[in-house]
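Please open the structure in your viewer and keep the selection tool at hand. The tour below goes from stop to stop, saying what to select and what can be found there.

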Amino acid sequence: MKKNISKLLGAVVIVGALAYMFQTYGVGEKLGRLVVIMEDIAHSLKNAKHAYEDVNFTISDDELRDIDIVKISKEMQSSIDKKKEQRAEVKAPPQIKADEVRVEEQPQHNKTAAREAKIVKLEDLPEKFKPLKQYLHQPFKMGACQICHDSNSKNPGALIQKKIQDICYECHKTRYTKEFDHTPVKDGKCTDCHDPHQSNSKMLLKADSVNELCMKCHDAKSTFEAKAKKLFVDMKLEVKHKPIVEKSCLECHDAHTADHKSLLSFDGKMDLCLDCHDKEKEKVTHSKFKHGGVNTSQKKCLECHNPHATQHKKLLKKDPVATCLECHNKEVKSDEDGGMLMNMKKHFDENPNWHKPIKDPKKGCSACHEPHGSDNFSILKKSFTKNFYANLENKDFFCFECHNESKITKRVIKSNENNVTSFRDGEINLHQLHVNDRKGRSCRACHDEHASKYSHLIREYTDFNGVKFPLRFVETPEGGSCAPACHKEFAYDRVNPKGIGSK
Amino acid sequence: MKLYLFFLIFSFSWLFAQTQTSLNIVTPQPFYGSEENSASFVIEAKKTLIDSIEIITDTNETIKIPIDANRSFYCKSIKLHVGENRVKVVGYKNAVAVKEEARELYLTSKVDKEHRYLPKEYVKGYFHNDENEKLCVQCHDMSVNEVKGEAFVDVKKSNCYECHKNINTKKHAHAPSVNWLCTTCHNGEVGALNKADSAKTKYSVPDPIGDVCFSCHKKHKEEWGKNRFNHEPAESGRCNKCHNSHSEDNEMYLRKSSWDLCTTCHKDKIEGAHVVKTFGRAAHPTHGVKDPSRMPKELSCISCHSPHASNTSSLLHSQSVMGICSRCHKK
């Protein structure tokens with residue numbers, strides 16, 4: 001009996017525990033769901049269609065014709081070739097020869113021993129040398145006339161040697177060591193520039209300053225000698241190169257002899273200029289994109305600049321736009337990608353509406369382009385895009401230096417904000433819609449950044465994948481319409497909206 | 001006497017010829033197979049025998065052409081529908097039908113298995129050959145006046161426009177087509193699959209067309225080439241299987257709306273549990289509802305699958321299967 005009671009008690013406890021579990025863990029509900037699931041599976045197994053259709057293996061002649069057997073065989077061949085290539089041995093690169101090192105020979109200069117000479121006292125000098133000037137030639141100061149003059153001659157000023165240079169070089173032996181000589185030096189006419197006795201300027205010059213002396217011959221109006229025109233420098237022009245004004249011609253030129261043409265110590269086309277112009281040196285030598293006008297042209301810096309004096313700022317040969325069009329008056333090969341750059345002169349001539357900065361006489365093309373070189377394509381001063389499509393997320397385009405970004409970011413523009421953009425259909429900003437809505441399109445898709453026949457610099461043709469599509473832009477007093485390749489003719493109107501934004 | 005007899009026979013035969021050619025359809029030839037939705041009818045009519053022509057299509061569209069005293073050839077572009085078309089040409093004299101001729105034409109469709117290929121009795125027709133154009137030049141300028149790489153400012157100035165304007169009437173149009181840069185694609189070349197067209201027409205299009213398409217759509221070629229999985233029509237360069245390169249009412253110039261288009265070939269996906277069948281018995285929809293990942297567009301095959309190429313098997317848009325679910329089921 002006791003056993004039975006304990007069994008019963010045990011059974012009650014188990015049933016109770018089961019009931020509790022049913023309650024707390026929702027086993028009943030879960031079991032119910034399992035039944036539904038099983039039912040579903042059974043239903044699906046019974047009724048669901050076969051996942052794939054029965055395949056009909058008969059192929060008609062037409063379908064067979066559509067199968068490109070040539071292509072399949074080509075693909076197989078190419079994969080075989082690829083594997084063969086992988087197996088092919090890699091050739092060792094040819095060894096690079098060591099550069100030959102050349103040592104330049106340095107000219108030797110030996111000082112001549114002092115000469116013994118009969119001394120003339122300063123008081124005994126002829127009258128024409130009085131009063132004495134600031135700087136005196138050493139032999140003259142010493143009264144050692146005999147170093148140069150022949151005292152036995154009947155003529156008072158007779159020289160000991162026929163040629164002056166022979167006398168000078170007796171002491172000044174450092175000449176004629178470099179490739180190019182100043183013509184008077186070459187001709188032995190030392191006394192053309194230097195006074196052998198005395199002068200009020202250093203180096204015994206025959207003028208009060210170096211520049212004055214140089215301009216005696218090199219002035220355009222000088223009649224001193226009929227020389228080639230290029231030797232003349234017109235220093236009367238408004239804009240002058242600073243070193244000439246503040247110092248002298250000798251900042252760049254050597255008066256006697258030099259290793260480079262025009263008596264320069266470096267190559268005058270560029271190296272000499274970059275010796276001082278550090279900023280430009282950085283641009284010219286280290287920028288990613290270089291201007292062909294500086295980089296590969298014949299005259300380098302001198303293509304655009306005059307090193308002495310001009311009428312235009314920055315020592316440009318002509319006014320800013322004209323200087324650029326000097327070369328860009330035809331299609332020119334681009335240094336960047338080898339493509340052809342458009343004929344800008346023709347473009348400006350044909351299209352009367354120019355982008356404002358270009359019309360600025362101080363800036364011209366250099367308002368946007370950096371003529372010495374830049375890390376941005378087309379040597380632009382700041383980034384832009386070449387592409388039709390462009391993500392405007394970072395909005396770091398050069399255009400926004402001047403044009404307000406709200407032009408492309410604001411969706412709705414109230415009529416009192418007319419200055420933001422007038423490309424609106426009612427209050428819907430069509431700039432934003434075109435440029436910043438679903439697809440980013442760059443400014444250049446519709447605008448010509450240089451010049452156009454149409455107002456707002458709207459392009460006549462937009463280039464899309466190498467094909468020129470006309471925009472067919474027609475302007476009306478309060479709007480306009482376009483029918484480019486991108487869409488059919490759509491019209492917009494600021495006053496009576498045509499409902500473009502809702503499309 | 002002999003001369004007299006000769007004259008008699010000659011005049012009889014001339015008269016006979018006159019009655020015979022009161023109305024003559026020069027092109028299209030009988031049982032004309034076409035791939036484009038319009039056909040040019042060139043009708044020769046004798047002004048002495050008839051005074052008006054009527055072209056009646058099998059959809060009962062009637063086009064009347066009055067006879068002009070100065071010409072003997074009349075042209076009209078007739079719109080075709082997919083499958084067999086029967087076009088009647090009736091010549092009238094004083095409002096009485098004098099002569100009736102008919103032509104059977106067949107428009108094939110690349111996305112309709114029933115009408116994919118021409119029935120046996122039909123022969124593919126070609127229009128732009130020297131023989132036909134000899135007639136056309138009497139009135140039309142048959143030269144290509146398109147400047148390479150530059151679209152017409154006024155497209156009506158294209159010499160192609162007048163006869164082919166029907167092809168660009170639909171809602172979405174392909175830029176080269178609607179700008180009438182026809183020879184961009186109709187370059188007169190043939191591909192591996194349409195060698196039969198060679199030399200039969202001046203303006204054939206290579207089949208497969210891929211290389212022509214990719215000459216502009218370069219980015220796609222690059223992108224798709226990098227992918228592991230490719231959709232066969234895209235890979236084999238037969239873009240025009242799905243896209244109509246002229247104009248279509250569907251986006252992307254698809255020949256049918258995308259769901260209908262895909263299920264033309266993938267028939268097993270029309271019914272049944274394609275995406276996932278839950279225990280609630282209703283399968284995940286594949287169309288007919290809005291697509292949360294591309295609002296406000298409708299759900300379609302292309303919501304999940306890339307129709308061209310992908311790095312995920314089944315050409316999914318995402319990196320993994322679960323990724324595709326999370327495009328819409330964000331939680």
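## A pair of charges in chain B

Begin by selecting Lys64(B) and Glu54(B), whose side chains meet in a salt bridge with an N to O distance of 3.7 Å. Lys64(B) belongs to strand S5 (residues 62-66) of chain B and Glu54(B) to strand S4 (residues 52-56) of chain B, so this pair ties together parts that are ten residues apart in sequence. Please keep in mind throughout the tour that this is a predicted model. Side chains of opposite charge can pair when their charged atoms come close. Over all chains, a search of the whole structure finds 25 salt bridges.

## Two cis peptide bonds

Staying with chain B, select Asp207(B) and Pro208(B), which are joined by a cis peptide bond with omega at about 5°. Pro208(B) has its place in the loop between helix H4 (175-178) and helix H5 (210-214) of chain B. Next, select Met295(B) and Pro296(B), where a cis peptide bond has an omega of about 0°. In this case the proline, Pro296(B), lies in the loop between helix H8 (258-265) and helix H9 (301-304) of chain B.

## Two helices in chain A

Now move to chain A and select helix H1 (residues 2-25) together with helix H2 (residues 27-47), whose axes come within 6 Å and cross at roughly 70°. To see where they touch, show the side of H1(A) formed by Met21(A), Phe22(A) and Tyr25(A), and then the residues Val27(A), Gly28(A), Lys30(A) and Leu31(A) of H2(A), which together make the contact. Sorted by class, the contact of H1(A) with H2(A) has five nonpolar residues, one polar and one charged.

## A last stop in a loop

Which residue other than glycine has a positive phi, near 50°? Select Lys300(A), for it is the residue with that phi value. Lys300(A) can be found in the loop between helix H12 (292-295) and strand S6 (309-310) of chain A.

Technical notes:
Residues are numbered from 1 along each chain as its sequence is written. Chains are lettered from A and ligands numbered from 1 in the order in which they are written. This is a predicted model: local features need pLDDT of at least 70, side-chain atom pairs count only at pLDDT 80 or more; totals for chains, interfaces and linings use all residues. Side-chain values use heavy atoms; hydrogens and water are left out. Axes are lines fitted to C-alpha atoms, for helices over the stretch in contact, and angles run from 0 to 180 degrees between N-to-C directions. Helices (H or I, at least four residues) and strands (E, at least two) are DSSP runs, numbered from the N terminus. Contact means heavy atoms within 4.5 Å. Ala, Val, Leu, Ile, Met, Phe, Trp, Tyr, Cys and Pro count as nonpolar, Asp, Glu, Lys and Arg as charged, and the others, Gly among them, as polar. A salt bridge is a side-chain nitrogen of Lys or Arg within 4 Å of a carboxyl oxygen of Asp or Glu.
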